[in-house]
Amino acid sequence: MDNKNTIHGDILGLARKLHPRQIEWRRHLHSHPELSDEETQTTAYLVKELKALGLRIRPLNMTTGVIAELDGRSSSRTVAIRSDIDALPIAEQTGLPFASVTPGKMHACGHDVHMATVLGTAAVLAQIRSEFDGRVRFLFQPAEEMPPGGARPMIKNGALDKVGAIFGLHVDPHLKTGKIGLRDGPTMASVFDFDLTIHGRGGHAARPQDAVDAIVIAAEVVNSLQTIISRDIDPIDSAAITFGKVSGGVARNVIADRVQLTGTVRTLSPKLFRKIPLLLKRTVGGICKARGGRFTLQAVADYPVLNNDSAINALYTRTYTDLFGRSRIAVTDPVLGGEDFACYLQKVPGAMFRLGIRNPKIGADKPWHSPEFIVDEDAMYFGTSLLAAAAVDYLNGRTA
Ligand code: NI
C-alpha cells in the first residue's frame with residue numbers, strides 16, 4: 001500500500017471539510033484590511049485563531065506579524081510556510097457583501113487569501129500531527145507591499161532558524177482555479193527604489209543665462225536613463241526604469257532650482273542589479289556636469305531577485321500531480337514585479353508557487369491591485385491541500 005497516497009487522501013478530506021470555516025476567516029480578513037506595518041488587528045486575529053488550532057506562538061520583537069509552530073512526531077526537520085498579511089491604499093469597488101469596511105483600504109493583492117490558505121494548512125496539519133516527522137513553522141509576515149518589507153525583520157527574529165525549506169504562494173488571476181503555476185530560477189525582479197534630486201540655480205524665466213534650470217536637466221535625465229535599457233544592458237536581459245513621480249518648480253515665470261524624481265528599477269539579472277546604481281550615477285552625473293547642475297541619489301529600498309529552487313518545485317510537482325493531476329500545473333512566465341519572499345530564498349531553498357484564482361463567471365479575472373479585484377475562494381482548497389501535503393512529503397523525507 002502506498003502510505004503517501006493515504007495521507008494525501010486524508011489531507012484532501014480535511015481541506016474539503018475545513019473550507020466553509022476558511023471562507024469565514026478570509027471574509028473577516030478581507031473586510032478589515034490594514035496597511036503595511038499597521039496590521040495590528042490582523043495580527044491579533046491570527047494569534048487568536050492559531051492558538052485555537054493548538055499552535056505555539058513564538059516570541060516576536062515586531063509590532064505586527066506572527067510566527068507559529070506545530071510539531072509532528074519529532075522535531076528533526078523544520079519547514080516554513082509564509083503568508084504576507086498587508087493590504088493596499090485602494091478604495092474597494094467590488095460590491096461584495098464582505099467588502100472592506102475601512103475606507104480607502106483593500107486586500108487587492110490577495111494577501112487575505114494567502115492568510116486563510118496558510119491558516120487552513122495549519123488547521124489540517126494540526127489534525128494529522130502524528131503522521132509526520134519534524135516541525136512546521138508558519139510565518140505571517142507584515143509589509144510585503146512596502147520595501148524594505150517585513151521579510152528581513154522576520155529573519156532577524158529567527159523565522160528561518162533550523163529551517164530546511166520554505167514554501168510560499170501568491171494568487172494569480174491569469175490561472176484558472178484549480179491550477180498552480182511554477183517556474184524554476186529567477187522568477188520575480190529585483191527592486192531598486194531611489195529618490196533623485198536635481199539641483200540647479202533659480203532665476204527669472206526671462207533670464208535663463210543667469211540660472212541653471214533644474215527642470216530642463218530633469219527632462220534630459222528622464223529621457224537619457226531609458227537609454228540605459230536600450231544601450232547598456234545585454235538585450236537578452238530585461239529591465240525597466242520607471243519614474244512614478246516628478247515634482248519641482250514654483251511658478252510659471254521662475255526657473256526651478258530643484259526637481260525631485262521618485263523612481264524604481266526592476267530586473268531579473270543579479271549581475272545587472274549590482275551595476276544599476278553605477279549606471280544611474282554615470283548618466284545623471286554626466287548630464288548635470290554638462291548643464292552646470294548637480295544631483296543627489298538616495299537608495300530608498302531594495303528587494304533581491306526571487307530565485308525559486310528547482311528541487312522544491314519538483315516536490316510541488318510530484319505532490320500536486322498526486323493530488324489533482326499533472327494537467328493542472330502550468331509553467332508561468334517571469335515578471336518584473338518585486339516580492340520580498342526573495343529575502344528568505346537568499347538564505348534557504350524554497351519556492352513560491354502561483355495559485356490560480358481565475359473564474360470569469362464571478363468576476364475573478366481582474367488584475368492585482370485593481371479596485372475590482374475578486375478571488376475565487378475555491379482556490380483556497382487547492383492551495384491548502386498542496387501546502388499541507390508538500391509539508392508532510394518534505395518532512396517525511398520524500399524530497400529529492
Ligand atoms: Ni501581493
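A pocket is an open set of grid points with protein on both sides within 12 Å along at least five of seven lines, and its lining residues have an atom within 4 Å of a point. In this predicted model, the largest pocket has a volume of about 580 Å³. Its lining comprises 26 residues, and those nearest the pocket centre are Glu145, Arg266, Gly337, Gly338 and His369. Two or more lining residues are given by each of strand S8 (190-199), strand S10 (239-248) and strand S12 (258-267). By residue class, the lining of the largest pocket consists of nine nonpolar, ten polar and seven charged residues. Both domain 1 (3-187 + 305-395) and domain 2 (190-303) contribute to this lining, with at least three residues from each.

A search of the whole structure identifies two cavities of 30 Å³ or more. The largest cavity has a volume of about 50 Å³. Its lining is formed by Gly181, Leu182, Arg183, Thr187, Met188, Leu306, Asn308, Thr332, Met352 and Arg354. The elements that supply two or more of these residues are strand S6 (180-182), strand S7 (185-188), strand S14 (306-308) and strand S16 (350-358). Four nonpolar, four polar and two charged residues make up the lining of the largest cavity.

The second largest cavity holds about 40 Å³ of space. It is lined by Ile228, Ile229, Ile233, Ala239, Ile241, Val265, Ile276, Leu279 and Leu280. Helix H5 (214-232), S10 and helix H6 (270-291) each give two or more residues to this lining, and H6 provides the largest share, three residues. The lining of the second largest cavity contains nine nonpolar residues, with no polar and no charged ones.

Helix H2 (residues 40-52) has 13 residues and extends 18 Å from its first C-alpha to its last, close to the 18 Å expected at 1.5 Å a residue. Buried positions in H2 are Thr42, Thr43, Tyr45, Leu46, Glu49 and Leu50. These residues lie on the same side of H2 because they cover an arc of only 165° around the axis. An α-helix has 3.6 residues a turn, so residues three or four places apart point the same way. The exposed residues Gln41, Lys48, Lys51 and Ala52 are carried on the face of H2 turned away from its buried side. After H2 comes Gly54, which has a positive phi, near 90°.

Helix H3 (residues 111-127) has 17 residues, and its span from first to last C-alpha is 25 Å, close to the 24 Å expected at 1.5 Å a residue. H3 is mostly covered, with 16 of its 17 residues buried.

A loop position was also examined. Pro334 is located in the loop between strand S15 (329-331) and helix H8 (341-345). The relative accessible area of Pro334 is 32%, and this residue is therefore classed as partly exposed, a category between the cut-offs of under 20% for buried and over 50% for exposed. Pro334 and Gln226 are separated by 108 residues in sequence and, C-alpha to C-alpha, by 21 Å in space.

How values were computed: Residues numbered from 1 in each chain as written. Predicted model: local features only at pLDDT ≥ 70, side-chain atom pairs only at ≥ 80, totals over all residues. Heavy atoms only, no water. Helix = DSSP H or I, 4+ residues; strand = E, 2+ residues; numbered from the N terminus. Expected span 1.5 Å × (residues − 1). Buried < 20%, exposed > 50% of the residue type's maximum accessible area, 1.4 Å probe, protein only. Arc of directions from axis to C-beta. 1 Å grid on protein atoms, 1.4 Å probe; cavity = no way out; pocket = protein on both sides within 12 Å on 5 of 7 lines; lining within 4 Å. Points joined across faces, edges and corners; volume = space filled by probe spheres on them. Nonpolar A, V, L, I, M, F, W, Y, C, P; charged D, E, K, R; others polar. Domains from an automatic or database assignment.
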